[in-house]
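Hello,

My notes on the fold follow below it.

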Amino acid sequence: MAELVELKEIEERVILIGVSVGSESDTKQCLDELEELVKTAGGAAVGRIIQNREGAHPVTYLGKGKLEEVKEQIWELDATGIVCDDELSPAQLRSLEDILETKIMDRTMVILDIFAARANTREGKIQVELAQLKYRAARLVGLRSSLSRLGGGIGTRGPGEKKLEMDRRLIHERISHLKEELKEVEQHREVLRRQRQRAHTKVAAIVGYTNAGKSTLLNYLTDAGILAEDKLFATLDPTTRSLRLPGGQKILLTDTVGFIRKLPHHLIEAFKSTLEEAKYSDIILHVVDCVNPQMDMQMHIVYDTLKELEVTDKIMVTVFNKMDKMNQSMILKDLSADYQVKISARTGEGTEELLQLLETILKNQQLYLEKVYSYQEAGKLQLIRRYGELLEEEYKEEGIGIKAYVPAELYGQLI
């Protein structure tokens, strides 16, 4: 009997390269994050090279001398490819391929690869494939030889090599088909949104930089049971769960895909329907990793992305997370937020304060109602119990006396 041989996918060994146009420390931080992305995609960064320039070379990304240095490192470190920190143009991709004779990837390709591995729902898979095909259509010629050289690994998940071998016409036909499918999913999401509005249910969208602890928070508050790993983009598909607050009011919590620096524009476009959960929410819970050295930069990126998505005029609650790992002497402040709270989603510390804060916000959006209903109008009490907060209920001879807080949009039906 033939002996079974375990086949294991060879881990890709890549060199990270970046162009520093301003502060070199910023570029180093970008490459630190890129290293995490590569690790999440299943590869290993074995070296890095930074070149200080006024801007990336329009054809070769790096200058001639630095490319020689990269060539030497590929040989010395036995690397299987390089990953550039910026999105490469088709010309840059082809030139680097010809000069370095190795697999060429960029930040966008790595992010797309992670997304392809993490998408589970139909909508997530459609969005990922759409973003991948848009990205690859423009780079078809350069990618063909690059991906055929290694026959797998980072950048080949999702649509796969077969789709890369289609001509541009077929790719564009596929893009049109996916857009139609996505429209159907978006219509379904719109129906759900209208149902929530009719039910006067308030929604809080959980946003934040990737790996800030959004999924951990949702799991802790609602037992959602979604994947929460110490990895970038651990969850991709949005999850909505109902949460009953201490006073009895109900609110829906929706997790969204994590933000990241240099998030490619077409990725934001592809995930707009998912990210629009933030646009149509009543409250934004901005989860911040308060032990991350780049916390301020990450907060800035989240606000910039929300601005790009036209998420404005929302009640903003900044949730400083991971307080269990925090040095207590550090002062935490977000001047752009309406409210802020300090928690640990892992231990539950501070979550009671967060729930009370949500309750206060909802109460501030409600109107106080004091009224005596006739017994024929007793059904209105069910509306109050379902959508508001019933404070007092007294059965009298002339009817039922109540004191309650009710949603402003429901007030007219109850007086």
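**What I found**

Of the 415 residues in the protein chain, 51% count as buried. Please keep in mind that this is a predicted model. The chain has 15 helices and 13 strands. Among its contacts with a separation of 6 or more, 69% are between residues 24 or more positions apart.

Now strand 3 (residues 81–84). Parallel to strand 1, strand 3 is joined to it by 4 bridges. Here Ile15 has Ile82 as its bridge partner, and Leu16 has Val83. Strand 3 and strand 4 also run parallel, again with 4 bridges. On that side, Ile82 stands opposite Ile104 of strand 4.

Which way do the residues of strand 3 point? Gly81 and Val83 go one way, Ile82 and Cys84 the other. All of these are buried. As background, side chains in a regular strand alternate between the two faces of the sheet.

**Helix 1 against helix 4**

A packed helix pair is described by the angle between the axes and the distance between them. For helix 1 (residues 24–40) and helix 4 (residues 107–118), the axes come within 9 Å and cross at roughly 35 degrees. The crossing is left-handed. Helix 1 contributes Cys30, Glu33, Leu34, Leu37, Val38 and Thr40 to the contact. Helix 4 contributes Arg107, Val110, Ile111, Ile114 and Arg118. By type, the residues of this contact are 7 nonpolar, 1 polar and 3 charged.

**The nonpolar cores**

Which residues touch the most other members of the largest nonpolar core? They are Val83 and Leu306, in a core of 40 residues. Val83 is also one of the buried residues of strand 3. Several elements give two or more residues to this core, including strand 1 (13–20), helix 1, helix 5 (122–137) and strand 5 (202–208). Helix 10 (265–270), helix 11 (272–279) and helix 12 (295–308) are also among them. Helix 4 gives the most, with 7 residues.

Next, Leu306. Setting aside neighbours within four places in sequence, Leu306 is in contact with Val207, Phe259, Ala278, Val311 and Met316. There is also a second, separate core, with 24 residues. Ile283, Val341, Ala345 and Leu355 are included in that second core.

**Where to look**

Then view the left-handed crossing of helix 1 and helix 4. Finish at Val83 and Leu306 in the largest nonpolar core.

Best regards

Notes. Residues are numbered from 1 along each chain as its sequence is written. This is a predicted model: local features need pLDDT of at least 70, side-chain atom pairs count only at pLDDT 80 or more; totals for chains, interfaces and linings use all residues. Side-chain values use heavy atoms; hydrogens and water are left out. Axes are lines fitted to C-alpha atoms, for helices over the stretch in contact, and angles run from 0 to 180 degrees between N-to-C directions. A crossing is left-handed if the near helix is turned anticlockwise from the far one by less than a right angle, and right-handed if clockwise. Contact means heavy atoms within 4.5 Å. Ala, Val, Leu, Ile, Met, Phe, Trp, Tyr, Cys and Pro count as nonpolar, Asp, Glu, Lys and Arg as charged, and the others, Gly among them, as polar. A nonpolar core is a set of buried Ala, Val, Leu, Ile, Met, Phe, Trp, Tyr and Cys residues joined through side-chain atoms within 4.5 Å. Buried means under 20% relative accessible area, exposed over 50%, partly exposed in between (1.4 Å probe, protein chains only). Two strands pair if DSSP finds at least two bridges between them.
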